[in-house]
Amino acid sequence: MGMVFSERHPLFGKDEKMEVWFHLPGLRQNFPLNMMLLSMLEKRPHYFREGVKIASFFGEFPMSLWNGGRRSPNDQCDAGYIQSAVKSINDKGVSVRYTYTNMFLDEEDLRDPYCNFCMKTADNGKNEVLVVSPLLEEYVRRNYPGFKINSSTCKEIRDIDEVNEELKKDYHLVVLDYNFNNRFDELERIQDKGRCEILVNAVCQPDCPRRGRHYENEAKNQRIMLENRTRTPDRQIPLEPWHCDYGEHNEFATIQSYCTYVSPEDIWEKYVPMGFTNFKLEGRTANLFYIMEVYCHYLIRPEYRVDAATTLLNSMAASRLITVGRPKPSKWQQRREGRFDNG
């Protein structure tokens with residue numbers, strides 16, 4: 001079945017502006033860069049592709065026991081930072097989206113004081129939670145009804161009929177498994193495309209056989225790392241080892257050859273006309289320059305990428321997020337054996 005794509009999203013009338021919503025990684029590691037990007041969107045909107053909007057920053061405040069998908073760094077935020085970050089993000093009209101997708105939680109874990117503090121801080125009707133565990137989902141719905149609940153890609157739902165069943169549930173959005181990307185005949189069968197989210201830059205190889213096991217490993221090690229914070233160096237619990245041959249550390253250029261890679265052109269020319277308007281950019285634990293490359297690739301018009309990257313780099317240098325080194329001055333000295341001559 002061949003797809004025919006219209007020139008304009010059918011949901012938008014002639015006088016309505018297209019809105020293409022992006023979900024950006026990071027509540028701690030990428031927070032300064034994300035806020036700079038929001039500032040640039042306000043001050044230099046002509047840099048950005050048509051209709052770009054920032055829907056949420058997703059992730060966790062390290063180290064959160066409920067966190068999943070990617071492991072938190074080995075530190076923890078203080079209460080003041082969490083409160084300030086949530087307020088700063090929400091004041092820009094952007095949602096905080098917690099990635100609480102740890103699948104190995106029990107009743108005792110639901111009482112975790114740090115995770116509950118994070119939830120209470122963001123319990124203002126503006127924010128979201130990604131879930132996998134039915135136990136945690138029920139707890140959040142009962143105790144924090146102001147949050148929008150999203151179904152995570154960590155569930156690895158690989159059947160379109162099951163996706164449609166998931167969409168019948170009370171989820172704000174359902175993040176699709178990345179293996180659906182560019183399978184347009186299957187995507188066309190989704191009954192509520194406006195409530196689906198596409199992960200466009202997954203680093204895993206298509207049909208990675210260990211993706212689920214990787215999620216499980218991260219969840220288990222998150223708990224071990226938290227317990228190790230209370231132990232002396234000689235009593236540390238070893239982390240469960242992990243090695244993957246399927247591309248978890250791929251460069252951005254590498255993933256662009258995968259059939260699961262979604263290009264910016266495809267977003268605007270194929271996905272949006274079909275009715276998809278939410279897109280996730282992966283990279284919570286990636287380095288700063290990788291994330292900046294991804295942002296410029298997807299969000300910025302090609303003719304302004306250099307200007308946008310320069311603006312962000314200058315902002316990061318001014319904020320001392322990066323340090324631009326300069327050659328150290330040195331006094332010229334003659335060689336011991338004598339003066340240099342001109343030949």
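**Entry 1, lysine 193.** I looked up the contacts of lysine 193 and found Leu187, Glu188, Met274, Gly275 and Phe276, not counting residues up to four places away in sequence; contact here means heavy atoms within 4.5 Å. The model is predicted, with pLDDT of at least 70 needed for local features and 80 or more for side-chain atom pairs, while totals for chains, interfaces and linings use all residues. Residues are numbered from 1 along each chain as its sequence is written, and side-chain values use heavy atoms, without hydrogens and water.

I place lysine 193 in the loop between helix H6 (184-187) and strand E7 (196-199). Helices (H or I, at least four residues) and strands (E, at least two) are DSSP runs numbered from the N terminus. Is lysine 193 buried or exposed? Lysine 193 counts as buried because its relative accessibility is 12%; buried means under 20% relative accessible area, exposed over 50%, and partly exposed in between, with a 1.4 Å probe and protein chains only. I also noted that its side chain reaches the backbone oxygen of glutamate 188 at 3.1 Å.

I found asparagine 181 in the loop between strand E6 (174-175) and H6. Its relative accessible area is 4%, so asparagine 181 is buried. Leaving aside neighbours within four places in sequence, asparagine 181 is in contact with Ile198, Leu199, Val200, Cys259, Thr260, Val262 and Tyr271.

Asparagine 182 is also in the loop between E6 and H6, but is partly exposed, with a relative accessible area of 24%. Its phi is positive, about 70 degrees, although asparagine 182 is not a glycine.

Most residues other than glycine have a negative phi, and most peptide bonds are trans. I noted arginine 320 for a positive phi near 65 degrees. Arginine 320 lies in the segment after helix H11 (305-318) and counts as exposed at 76% relative accessibility. I then found a cis peptide bond joining proline 62 and methionine 63, with omega about -15 degrees. Methionine 63 is in the loop between E2 and helix H2 (79-91).

I looked up the largest nonpolar core and found 91 residues, of which Phe22, Ile54, Tyr98 and Leu299 touch the most other members. Such a core is a set of buried Ala, Val, Leu, Ile, Met, Phe, Trp, Tyr and Cys residues joined through side-chain atoms within 4.5 Å. A second, separate core has 5 residues, including Tyr178, Leu199, Ala202 and Cys208.

I counted 3 cavities of 30 Å³ or more. On a 1 Å grid over the protein atoms alone, a cavity is a set of points where a 1.4 Å probe fits but cannot get out; a pocket is an open set with protein on both sides within 12 Å along at least five of seven lines, and lining residues have an atom within 4 Å of a point. Points are joined across faces, edges and corners, and a volume is the space filled by probe spheres set on them.

The largest cavity has a volume of about 190 Å³. Its lining has 17 residues, and Gly69, Arg70, Lys280, Glu282 and Arg284 are the closest to its centre.

The second largest pocket holds about 350 Å³ of space. I found 18 lining residues, with Leu41, Pro45, Gly51, Val52 and Lys53 nearest its centre. Helix H1 (31-43) and strand E2 (52-59) each supply at least two residues of that lining.

How values were computed: Polar contact = N/O pair within 3.5 Å; in protein donor to acceptor, adjacent residues only side chain to side chain.
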